[in-house]
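Me: I am new to this structure and would like to learn how to read it feature by feature. Could you take me through it slowly, giving the general idea before each case?

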Amino acid sequence: MLTICAIYVPIDTDYPMDRVRYIAEDSKMTMIVADQNYTLSAENIAYICFRDMMLTAKGREQKKPSPLPDDKYREVCIIYTSGSTGQPRGVALQNLGLCNLVESFHECYKTLDSDRVLPMTSIAFSSFVGEMFPILCCGGAVVLYDRKLLLDNKFLQQVLEEKKVSIISTVPSVMRYLNEMQKLPSSLRYLISGGEKLLMEDVNKLVGKLIIINSYGTTETTICNTFCEITSIEQLQAKKNAIGKPILGNQIYILDAALSPKPIGVYGQIYISGNGLTKGYVNREEETARAYIQNPFAEGGKLYATGD
């Protein structure tokens with residue numbers, strides 16, 4: 001899809017059909033590519049079976065894709081998040097933000113072409129995009145399994161060992177399964193947490209055995225915006241939720257209601273700016289105007305108000 005400058009919209013097959021239909025209409029979808037028969041009663045949407053497409057292409061000479069236009073603001077994919085009104089909201093991720101994310105991932109985690117990452121979230125989540133692109137861009141591999149199967153401790157351990165997984169990115173509630181494992185595979189280097197508050201009891205048996213990262217970010221600012229390496233149990237005890245420092249190309253502000261900076265140690269709201277900032281919500285101008293505000297610290301710039 002990317003090589004022909006198309007925009008892809010990941011959809012989880014577990015979604016209710018009403019949600020799928022809404023996403024298809026809201027994103028103005030024109031084609032569905034699936035690995036099985038997937039029917040959607042909507043006009044002007046073509047269906048392509050991925051397996052049939054691969055069989056047709058087998059044995060054909062591979063054509064070199066045409067150079068992509070040099071447009072850092074070109075939209076690459078649309079991720080739909082839960083909306084406050086009950087309807088999902090689409091956020092279009094751009095070239096600049098994704099390239100920045102990939103470069104930052106490589107800088108922070110020193111990724112290798114031998115690395116294998118195991119995503120444990122839905123393919124429709126922005127976190128999956130943040131796991132897939134960086135590892136593929138360094139020549140590594142993405143290990144894919146039905147995430148429901150991975151909730152079985154024995155099966156998870158088998159997958160980690162057989163596939164030589166080196167990076168796991170997931171939420172703390174799933175990390176607890178890893179925390180109870182008697183033995184971790186020697187290939188595992190990084191455990192990246194995000195999406196929920198990381199607690200001491202989630203990783204207390206893992207600290208010191210591998211590198212644990214607590215990350216924070218939003219889909220609206222291209223998935224990941226801060227990271228913090230957890231090196232001791234005391235670190236989690238001393239700080240309620242250490243999210244660390246901004247990744248490459250991002251700026252984090254802690255502000256009050258008047259958009260004035262708060263002193264260190266004083267509560268405030270998190271605002272984000274930088275290369276990861278997206279344009280806003282698809283077809284939702286009013287919501288975009290409320291969440292994406294003028295940046296008082298950079299002329300012509302924008303800030304995203306996270307609400308956190």
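The dialogue below goes from the whole chain to its strands, a helix and its rings.

Me: What should I know before I start reading?

Reply: This is a predicted model, in which local features need pLDDT of at least 70 and side-chain atom pairs count only at pLDDT 80 or more, while totals for chains, interfaces and linings use all residues. Residues are numbered from 1 along each chain as its sequence is written, and side-chain values use heavy atoms, with hydrogens and water left out.

Me: How many helices and strands does the protein chain have, and how much of the chain is buried?

Reply: Helices (H or I, at least four residues) and strands (E, at least two) are DSSP runs, numbered from the N terminus. By that reading the protein chain has nine helices and 15 strands. A residue is called buried under 20% relative accessible area, exposed over 50% and partly exposed in between, with a 1.4 Å probe and protein chains only. Of the 308 residues in the protein chain, 46% are buried. Accessible areas come from the Shrake-Rupley method with a 1.4 Å probe, and for residues only the protein chains shown count as cover; the accessible surface of the protein chain comes to about 17,100 Å², and 53% of that belongs to carbon and sulfur atoms.

Me: What share of the contacts joins residues at least 24 apart in sequence?

Reply: A contact means heavy atoms within 4.5 Å. Among contacts in the protein chain between residues at least 6 apart in sequence, 54% join residues at least 24 apart.

Me: How do I read strand pairing, and which strands run parallel to strand 8?

Reply: Strands of a sheet pair through backbone hydrogen bonds, either parallel or antiparallel. Two strands count as paired if DSSP finds at least two bridges between them. Here strand 7 (residues 167–170) is joined to strand 8 by four bridges and runs parallel to it, and strand 8 also pairs with strand 9 in the parallel sense, again over four bridges. You can follow the partners across: Ile 168 has Leu 191 in strand 8 as its bridge partner, and Leu 191 in turn has Ile 212 in strand 9.

Me: Are the faces of strand 8 covered or open?

Reply: Both faces of strand 8 (residues 190–193) are covered, with Tyr 190 and Ile 192 buried on one side and Leu 191 and Ser 193 buried on the other. Strand 9 (residues 211–216) is mostly covered, since five of its six residues are buried.

Me: What is the strand order in the open sheet of four strands?

Reply: That open sheet has the order 12-13-15-14, with antiparallel pairing. Its edge strands, each pairing on one side only, are strand 12 (250–255) and strand 14 (292–294). Strand 14 pairs with strand 15 (residues 302–305) over three bridges, and Gln 294 stands opposite Lys 302 in strand 15.

Me: Which residues of helix 1 are buried, and what do they pack against?

Reply: In helix 1 (residues 17–26), the buried residues are Val 20, Tyr 22, Ile 23, Ala 24 and Asp 26. These buried residues pack against strand 3 (75–81). After helix 1 comes Lys 28, whose phi is positive, near 60°.

Me: Which charged residue sits over the ring of Tyr 281?

Reply: A charge sits over a ring if NZ of Lys or CZ of Arg is within 6 Å of the ring centre and within 35 degrees of the ring normal. Over Tyr 281 it is the charged end of Arg 89, at 4.4 Å from the ring centre.
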